[in-house]
Amino acid sequence: MAKKKGIIGNGLCHVYLILLSVIAVFPLIWVLLSSIKTNGELTANPTSFLPKNPTFSNFVHVIEDLVFARNIANSIVIALCTTIIAIVISCMAAYGIVRFFPKLGNIMSKALVTTYLFPPILLAIPYSLVMAKLGLTNTRVGLVIVYLSFSVPYAVWMLVGFFKTVPIGIEEAARVDGANKVQTFVKIVIPLVMPGIVATAIYTFINAWNEFLYALILINSTDMMTVSVKLRSLQGAEILNWGDMMAASTLVVVPSVIFFMLIQKKIASGMAEGAVK
């Protein structure tokens, strides 16, 4: 009897989870199917689910005529540069906090996170003035610098927990075997915390990819726009082309979803290891 109840309970749980999954995935599927509909079909019956005459003309128009591929390239370059620089700086900072300032480490890492107490809109004007003084408005470099000011503190805070899981004895053994401090850090410590570094890098990349406010304020050239700003610009026309909007949204969202599905195990394992201490 108890076994039968357990089977029924598991079945109900699976049905409930499947229902939630369908609800969560439905908007993405609807956008994907709408992107291959004709403009006439989208206007005449926007709530229809399956396309009657599938076409890829919306993608062709977005990529070739609207030069959306260039905006995707801008976002990739900016997000990658932000991620690489933030991870390099954060790894060294987090290791220094854990090994050289063990007593003040917790206070220092928490102090870094206080930068997130300020809403982004509050810092928009100061950042704009600083970037204008430096001549870095409408440049990828200026946007990367702004993103780093938010990414590095949070990355340091996350990586401190991962570096704390590395026993000091392993580093001492490497030093006895003749490794110097740099070799110990690069060849011994970094591989041990690699899951945490990967998880932090993915989080940093996604934040830089999705950021909208500073990209809108600091970039005023169409050729330099990121995908988030370019998507918003498609709504600025008097007549909104839903086909272009759906195709552009698909080009932005679907690769991100596929990438996240491929590395979700890395994120889960990294977060679990970082929560040990």
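This is a predicted model: local features need pLDDT of at least 70, side-chain atom pairs count only at pLDDT 80 or more; totals for chains, interfaces and linings use all residues.
User: How many helices and strands does the chain have?
Analyst: The chain has 13 helices and zero strands. Helices (H or I, at least four residues) and strands (E, at least two) are DSSP runs, numbered from the N terminus.

User: What makes Phe 56 exposed?
Analyst: Buried means under 20% relative accessible area, exposed over 50%, and partly exposed in between, with a 1.4 Å probe and protein chains only. Phe 56 has a relative accessible area of 59%, so Phe 56 is exposed. Phe 59 has 13%, so Phe 59 counts as buried. Of the 277 residues in the chain, 37% are buried.

User: Why is the pair of Phe 56 and Phe 59 called tilted?
Analyst: Rings of Phe, Tyr and Trp (its six-membered ring) pair if their centres lie within 6.5 Å; planes under 30 degrees apart count as stacked, over 60 as edge-to-face and the rest as tilted. The ring centres of Phe 56 and Phe 59 are 6.1 Å apart and the planes are at 45 degrees, so the pair is tilted. Tyr 154 and Trp 157 have ring centres 5.5 Å apart and planes at 45 degrees, so this pair is tilted too. Both residues lie in helix α7, three residues apart. Tyr 154, at 19%, counts as buried, whereas Trp 157, at 37%, is partly exposed.

User: What makes Arg 70 and Asp 223 a salt bridge?
Analyst: A salt bridge is a side-chain nitrogen of Lys or Arg within 4 Å of a carboxyl oxygen of Asp or Glu. The closest N and O atoms of Arg 70 and Asp 223 are 2.7 Å apart, so the pair is a salt bridge. Arg 70 lies in helix α4 (residues 68-100) and Asp 223 in the loop between α11 and α12 (227-233), so the pair ties together parts that are 153 residues apart in sequence.

User: Which other pair forms a salt bridge, with closest N and O atoms 2.6 Å apart?
Analyst: Arg 99 and Glu 171 do. Arg 99 is in helix α4 and Glu 171 in helix α8 (residues 168-176), 72 residues apart. Glu 171, at 6%, is buried. The whole structure has two salt bridges.

User: How do you know that the buried residues of α6 line one face of the helix?
Analyst: In helix α6 (residues 124-134), Ala 124, Tyr 127 and Met 131 are buried. Seen down the axis of α6, these residues fall within an arc of 70 degrees, so they line one face. The arc is that of the directions from the helix axis to the C-beta atoms. The face turned away from the buried side carries the exposed residues Ile 125, Leu 129 and Lys 133.

Terms used: Residues are numbered from 1 along each chain as its sequence is written. Side-chain values use heavy atoms; hydrogens and water are left out.
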